[in-house]
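Colleague: Can we go through this model together? I'd like to hear where the labels come from.

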Amino acid sequence: MDKQWDEMPNEELLIEYKRTGDPELKKVLVMRYSYLVKNIALKLRGVYVGFAQVDDMINEGIILLMRALDKFDLRQNVKFETYVCKRLRGMVIDLARRQDWVPRSVRKRLREIDEAKAALFSELGRTPTDKEVAAHMGLSDERYQEEVAKTAFGNVMSLDMLLDDRDSDLPAKKLPQTDEDTQPEEYIQKQEMLEILKQSIAGLRENEQLVLSLYYQKSLQMKEIAQVLGVSEPRVSQIHANAIRKLRICMQNYVNGA
């Protein structure tokens, strides 16, 4: 039977588990899908070099994966990978909130950079360059880029938390349907948010769009992106951090109705 399972694709194996509830088959599926948990852990480590809680995330992710196998409904016509990845992202947000992974000093510097960018934007009427922000903050270009790299994880988490909170603030009164995407209020708001995010990405610099595409769509690590672009890994991290910060500001303005 184990040999037969080895030859079955994940989708068929999942269908068989949902039919039988075999605990041994569940172990096989957890091993098959554990790469999803590890990929997310490695991605976050690539964003924030000082991230020391990767093991915690993997352990929590495996537990979530086991529960997701039991809760997953094959009738929803959604790939299991899509279903579980959304929940893994939510798990990371919850862990970050509970364990306060973003240091206070990083949050403080993040606010300072945002305030400097906002002040310069009002003064110049356009998005300031890194050199202008560095001068405004009294930092050398090199020191400013170091600070930007340190705040990369804080930007990613704050953007994810912002979108997560937006989802949780959707109207409580809903039509009696089980699929949230068929409910008009949620569907319209999700489509509107996606459109705003799409427009915000289109407004980024070309290298920022490329880094986001390689990182999120192609699932490349920072080191691999650096090789593609022919730049250093810290430089990729800086480009990524700048792009995420801009998106976070745009989405914050959308949520606040600005």
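This is a predicted model: local features need pLDDT of at least 70, side-chain atom pairs count only at pLDDT 80 or more; totals for chains, interfaces and linings use all residues.

Colleague: What makes α11 and α12 oblique to each other?

Modeller: Helix α11 (residues 206-217) and helix α12 (residues 222-229) pack at about 135 degrees, with axes 10 Å apart. Under 35 degrees is roughly parallel, over 145 roughly antiparallel, 65 to 115 roughly perpendicular, and the rest oblique, so α11 and α12 land in oblique.

Colleague: Which residues make that contact?

Modeller: Contact means heavy atoms within 4.5 Å. From α11 come Leu210, Val211, Leu214 and Tyr215, and from α12 Met222, Ile225, Val228 and Leu229. The contact of α11 with α12 has 8 nonpolar residues, no polar and no charged.

Colleague: Why is α2 called roughly perpendicular to α4?

Modeller: The axes of α2 (residues 10-20) and α4 (residues 54-71) come within 9 Å and cross at roughly 70 degrees. That angle makes α2 roughly perpendicular to α4. Leu14, Tyr17 and Lys18 of α2 meet Leu69, Asp70 and Lys71 of α4. The residues in this contact of α2 with α4 are 3 nonpolar, no polar and 3 charged.

Colleague: How much space lies in the second largest pocket, and which residues lie nearest its centre?

Modeller: About 470 Å³ lies in the second largest pocket. A pocket is an open set of points on a 1 Å grid where a 1.4 Å probe fits, with protein on both sides within 12 Å along at least five of seven lines; lining residues have an atom within 4 Å of a point. There are 18 lining residues, with Phe121, Thr127, Lys246, Ile249 and Cys250 nearest the centre. The lining of the second largest pocket splits into 7 nonpolar, 5 polar and 6 charged, and α13 gives the most, with 7 residues.

How values were computed: Residues are numbered from 1 along each chain as its sequence is written. Side-chain values use heavy atoms; hydrogens and water are left out. Grid points are joined across faces, edges and corners, and a volume is the space filled by probe spheres set on the points. Helices (H or I, at least four residues) and strands (E, at least two) are DSSP runs, numbered from the N terminus. Ala, Val, Leu, Ile, Met, Phe, Trp, Tyr, Cys and Pro count as nonpolar, Asp, Glu, Lys and Arg as charged, and the others, Gly among them, as polar. Axes are lines fitted to C-alpha atoms, for helices over the stretch in contact, and angles run from 0 to 180 degrees between N-to-C directions.
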